[in-house]
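Hi there,

Here is the structure I promised to pass on to you. Please open it next to this email and follow along as you read.

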Amino acid sequence: MIATLVSYSLLSVYSAMAIYTLAFIMFTIDLARRSASAPVALGAVVGSAVTVGRGSTALLERLTTDAPVGATPKGPRQLRIAMALTVIAWLLHVAGAVLRGVAAGRVPWANMFEFTLTATAIVVGVFLAVQFWQDLRFLGVFITGFALIALGIATTNFYVDVIPLPPALQSGWLVIHVFVASLGTGFFAIGAAISIVQLLQTRREAGQAKRLKFLDTLPSAERLEVLAFRIIVIGFVLWTFTLMAGAIWAERAWGRYWGWDTKEVWTFIIWTIFAGYIHARATRGWRGSRSAVLAIIGFTAVMFNFTIVNLFFKGLHAYSGL
Amino acid sequence: MDSSRPSDHFDSEQPESKGITQPKLGFVGYARFFWRQLTSMRTALFLLLLLAIAAIPGSLVPQVSSDPNGVIQYKINNPGLSKVLEFFQVFTTYSSVWFSAIYLLLFISLIGCVIPRTKHHLLALLAKPPKTPARLERLVGFSSEGTEADAATALETARAVLRKQGYRTEVYASTGMTPDSVSAERGYLRETGNLVFHTALIGVLVTVGIGGGFGYTGQKVVVEGKAFANVLGNYDSFNPGRFFSESALVPYSVQVDKFTPVYEENNFNAYGQAIDYTANVTTTMRGEQPQKRVLKVNSPLEIGGTQVYLLGNGYAPVLTFRDPKGAIVWSQPTPFLPQDAKLTSLGVIKIPDGLSQQLGMIGFLYPTTDQLASGALASSHPDLRAPTVTLEMYTGDLGLNDGIARNAYTLNLTHLTQIAGRKSAAPTIKLTIGDRVELPNGIGSIELTAIPRFVSLDVHRDPSQAWVLVFAILVLAGLLTSLFIPRRRVWVKVVSTTSGGIRLEYAGLARGEDPGLEAAVADIVQKHAQQLSLRLK
Ligand code: HEM
């Protein structure tokens, strides 16, 4: 029974990966097409920094709600196909995670394989969800690419069989703490992706990176910065909660709420980097590219925390199952 | 980009700090200059990023606080490097001088930042919304609408609409005495949230730093059937906080009646993996009735202001030694330390008195004994199914009489000779429960009487814990309010037209990130028009 469910789960994940690959290709074609076609005029973004009071900077902006993405309101055909494929792949991906959870009789995020499986599903889920708020489909290449690489590594390098939870992990906090951490990771991932585009866009606006023509069809660097910020602050709140929930759980399971265990250290480092990012956005001279670089460093630290720290650093969080 | 240039106030302080024309102001000038620098956004940012970087080394090198054995091992493996690391306090990164210096500077900066802002904010809470700007056209969401209402009604209605949405309002007259505009501001809570957030961070630091000093942590290994009393001399190890006094120990006892582990039996991928630990205990507060309670991982026992955690478990074989005449000289459980998931366990036994010679033993316990191809013993399951205890035995000087504290779990072999084991004539002693064998050289006999389990309990007392939680919740609440409550100003202005009528102008101004401002102004325009038309009917 468990074996059957596990194999269905894997089948579902492999199918999801195949379809993510197709989606990735379609997103790439879409970008290539944008490079080829004549650039569309940029949506005007009026922005001017106004200093209000000491130590705080307010940004006065007119935000155009329609990001210029393509000719038709719903975007070109390649993009629509790519999105449809992403949705299908995501559904299979979620099904894979759910089946895994059913097979194990618990939440599917108790070892590195399961965590990668679920967290990437959440990252893609956040990507799909934010489309209702903002058209960020141009990030599809990043997100599907990211999901593919992560799932590839998970299925080949992190795979472990379904095993029961050791006593220390048997807690409601496993459900809350890890889920919120994944959700936060999803927002940080999208924030970092936007920040990368922002850096490219800044170069292009300065007359460099001329070959990356598709950038002409994307929002201005300034607008990208605002979008990234709004997404990252949500990630930051979730991360703050993760840190606190982790401390509460540590108090229950290990008898102390904070012990500078390697994983705790890195969670703290990430939190501090993003606190720095938020400050940078409010510090003259640090807005723009510098804060974007901080956002990217922050997300790199999140990835480092999950891969290198889990696998090679010694600590109490030895749950990779490898 | 001019980003690396000093900020404006840096420049403005420059003349003072030169101090040539105003030698008297020199010190004050410098002090003020440094204070301004320390409490600038730039410094806060710099210190935050520095703190993040400074935290890294402690994750690369084992820490005394979380992994003392790792530190010892690291020093053995890297004798040269560890001297340098030791000098820079890298093994105690998070209490090191340099790490502390960074976060203390950050928090001084934070205090210096929060106090003036709090003052400013309190005044702002009492102040009226600011005067209406002369020209609204360049502001967010500007819109200009015709109306048939008269100026007074329009303004009064606008005020009501804005008030209903939580704005604080004030009417102003641009020329003369007749009011011609409403100025409104809302979202003071944003700044309040920000201040609560930063202040609560200070609260967390202070409660952790000072409050933690009143607590203690202690460890105690307790064998099934035995009890542990909460008095200082009873702990195996004890770490008091800086301000700890012995009177903080509430007298109580915890007896471990039974310890029941559950191991996975059905899933062969995890066969023998521990899936549950339960300790049935009897607790007694002085002068009260004993109480039966259950202690589990993830569910500590609350007793006498402390938490008691179930952190480890293993076996404590009871070995009985008799002298050649058959009189018992030693019989007690000795906790063996688990070495792997199958609970292969290692123990050390020292018998200084009672026999003709001092005896020392290094023993292994295999709960479910299995023989490897090499002939060596191993354990194939953590449960006690076919236990074997093997002992290598030594005689000589145990070194217990020189007054130096010895680790109970190691045997110093310097002055000892093996009398049973691989390096002696007699083979390693092998026992299962109930076995009794004669010792070499006619010293006496040894019996494996029983193999009860032990649990290791951690006892913590941290009176500041609840406060840390309170401040942490304030941090989160402050963060949410300060990030997601928009602070905005909105103005409604009456402008007379050339034809003698009036038009209404609306616009808003964001303070901080405020994506929804434009929509909010549009909403006010629409609600206002609605209210006015109701009035006119
Ligand atoms: C322990 C160190 C600090 C941490 C972790 C921290 C964290 C944060 C966070 C997360 C925010 C965004 C949320 C909010 O607005 O409440 C923020 C905002 C802010 N912080 Fe800090 N902070 C620290 C120290 C400081 C210091 C020393 C200053 C003063 C120089 C400062 C000044 C500000 C200001 C002015 C804002 C508002 C930014 C804006 O206008 O958007 N912070 N801080």
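This is a predicted model: local features need pLDDT of at least 70, side-chain atom pairs count only at pLDDT 80 or more; totals for chains, interfaces and linings use all residues.

**The iron site**

Which residues coordinate the iron atom? They are His279(A) and His198(B), each through its NE2 atom, at 2.0 Å. His279(A) sits in helix α7 of chain A (residues 262-280), while His198(B) sits in helix α9 of chain B (residues 188-209), so this pair of histidines joins two chains. The iron atom has six donor atoms, and the angles among them run from 75 to 179°, which makes the site octahedral. Are His279(A) and His198(B) buried or exposed? Both of them are buried.

**Around the ligand**

Now step back from the iron and look at the ligand as a whole. You will find the ligand between chains A and B. It has 25 residues around it, and the ones that come nearest are His279(A), Cys113(B), Asn194(B), His198(B) and Ser482(B).

- In the side chain of His279(A), an N or O atom is 2.4 Å from a nitrogen atom of the ligand.
- For Asn194(B), the distance from a side-chain N or O atom to an oxygen atom of the ligand is 2.7 Å.
- For His198(B), a side-chain N or O atom lies 2.8 Å from a nitrogen atom of the ligand.

Which elements give two or more residues to the shell around the ligand? From chain A there is α7, and from chain B there are α3 (41-54), α7 (97-126), α9 and α10 (465-484). Of these, α7(B) gives the most, with six residues. If you sort the shell by residue type, you get 15 nonpolar residues, nine polar ones and one charged one.

**Chain A**

Next, have a look at chain A by itself. How many helices and strands does chain A have? There are eight helices and two strands. Reading from the N terminus, their order is α-β-β-α-α-α-α-α-α-α. Chain A has 322 residues, of which 59% count as buried. Take the contacts in chain A with a separation of 6 or more: 78% of these are between residues 24 or more positions apart.

Leaving out residues up to four places away in sequence, Arg487(B) touches several others, including Arg186(B), Tyr188(B), Glu191(B), Leu509(B) and Asp514(B).

Gln465(B) takes us back to helix α10 of chain B. Which residues does Gln465(B) touch, not counting those up to four places away in sequence? They are Glu251(A), Tyr257(A) and Gln307(B). With Glu251(A), the side chain of Gln465(B) forms a polar contact of 3.1 Å. Trp35(B) is 430 residues from Gln465(B) along the chain, and the C-alpha atoms of the two are separated by 33 Å.

Enjoy exploring, and write back with any questions!

Best wishes

Terms used
Residues are numbered from 1 along each chain as its sequence is written. Chains are lettered from A and ligands numbered from 1 in the order in which they are written. Side-chain values use heavy atoms; hydrogens and water are left out. Donors are N, O and S atoms within 2.8 Å of the metal (3.2 Å for Na, K and Ca); water is not among the atoms, so sites may look incomplete. Four donors count as tetrahedral if all angles lie between 85 and 135 degrees; four count as square planar and six as octahedral if opposite donors are over 155 degrees apart and all others between 65 and 115; anything else is irregular. Helices (H or I, at least four residues) and strands (E, at least two) are DSSP runs, numbered from the N terminus. Buried means under 20% relative accessible area, exposed over 50%, partly exposed in between (1.4 Å probe, protein chains only). A residue is near a molecule or strand if one of its heavy atoms lies within 4 Å of it. A polar contact is a pair of N or O atoms within 3.5 Å; within protein, one must be able to donate a hydrogen and the other to accept it, and residues adjacent in sequence count only if both atoms are side-chain atoms. Ala, Val, Leu, Ile, Met, Phe, Trp, Tyr, Cys and Pro count as nonpolar, Asp, Glu, Lys and Arg as charged, and the others, Gly among them, as polar. Contact means heavy atoms within 4.5 Å.
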